[in-house]
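Here is a short report for a first look at this structure. Keep the sequence and the model side by side as you read.

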Amino acid sequence: HSSNLCTEITLNTSKEETAVCNLGSINLAQHVRGGQLDIEKLQYTATVAMRMLDNVIDLNFYPIVEAKNSNLKHRPVGLGIMGFHDALYQMGINFDSEEMVEFADYSMEAVSYYAIYGSAMLAKERGAYSTFRGSKWDRGIFPVDTIALLEQERGEAIPVSRTGRLDWEPVKAAVAEYGMRNSNTMAIAPTATISNISGAIPSIEPIYKNIYVKANISGDFVIINQYLVEDLKKIGMWNDDMVGQLKFHDGRVSAIDGIPQELKDKYKEVFEIDPKWLI
């Protein structure tokens, strides 16, 4: 009933163990090709990321022995994503749409697939984490299977889809044969600063503002939605007057006359999107 410091994932904390989470994120914006998710590239990135995160556990500096105990026993890592809304822009999908939900389901199934398989392959090479025996992984219970366990505990149906597009049998066979190198493999990583550095929209979030100023210890930075800029250029509407209007309306294109409704729908900011879509 506890978590790591920033609560991305629930991890055990006790007198002997202080939970630590080792995070990394895949930038989905770099994994769209020809308007589609590049599964082969995603597989490569996730596999490399899992190896890097597992290395961090051994190479890290631990200020307290309880953190080291926890990490070396269970070897939890959290592979997340960023640039989700970027990927939607590239594919021409609006955030508040069923197409977005379908892409979210598909893309995260793929990340899950290759993260878990990558951990099993690391277990083959390096050995399973020390507390693997008796775990849900050891019992053949994958994350999607825990919804059924939750239904039993609650005594009511949970209307969450459990369908998949990928063939999970090779992954389950690999876990059964080699175990898992890591007790945890995924997290909803926040990625706020590293996304700005990478030129991506943070985490799984919709875009905050189409234009805004971010301030930190290094100074002030103007952050602007480059996808919006490119679309406005295509229709000849990107000029000094448009910049002025964007600033005046605090980035909301819905308030600017003359912008086509299609672009107003595409470039809604987070506070213009019903939060149910984000959930």
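This is a predicted model: local features need pLDDT of at least 70, side-chain atom pairs count only at pLDDT 80 or more; totals for chains, interfaces and linings use all residues.

Residues are numbered from 1 along each chain as its sequence is written, and side-chain values use heavy atoms, leaving out hydrogens and water.

The table gives exposure, where buried means under 20% relative accessible area, exposed over 50%, and partly exposed in between (1.4 Å probe, protein chains only).

| Residue | Relative accessible area | Class |
|---|---|---|
| Asparagine 22 | 3% | buried |
| Methionine 52 | 52% | exposed |
| Glycine 134 | 48% | partly exposed |

**Asparagine 22.** This residue is in strand β1, residues 22-27. Strands are DSSP runs of E, at least two residues; helices are runs of H or I, at least four; both are numbered from the N terminus. A polar atom of the asparagine 22 side chain lies 2.8 Å from the backbone oxygen of proline 76. Leaving aside residues up to four places away in sequence, asparagine 22 touches several residues, among them Leu53, Ile57, Asn71 and Val77. Touching here means heavy atoms within 4.5 Å.

**Methionine 52.** Helix α1, residues 39-59, holds methionine 52.

**Glycine 134.** Where does glycine 134 lie? It is in the loop between α4 (98-126) and α5 (146-154). Glutamate 156 is 22 residues from glycine 134 along the chain, and their C-alpha atoms are 27 Å apart.

Note on methods
A polar contact is a pair of N or O atoms within 3.5 Å; within protein, one must be able to donate a hydrogen and the other to accept it, and residues adjacent in sequence count only if both atoms are side-chain atoms.
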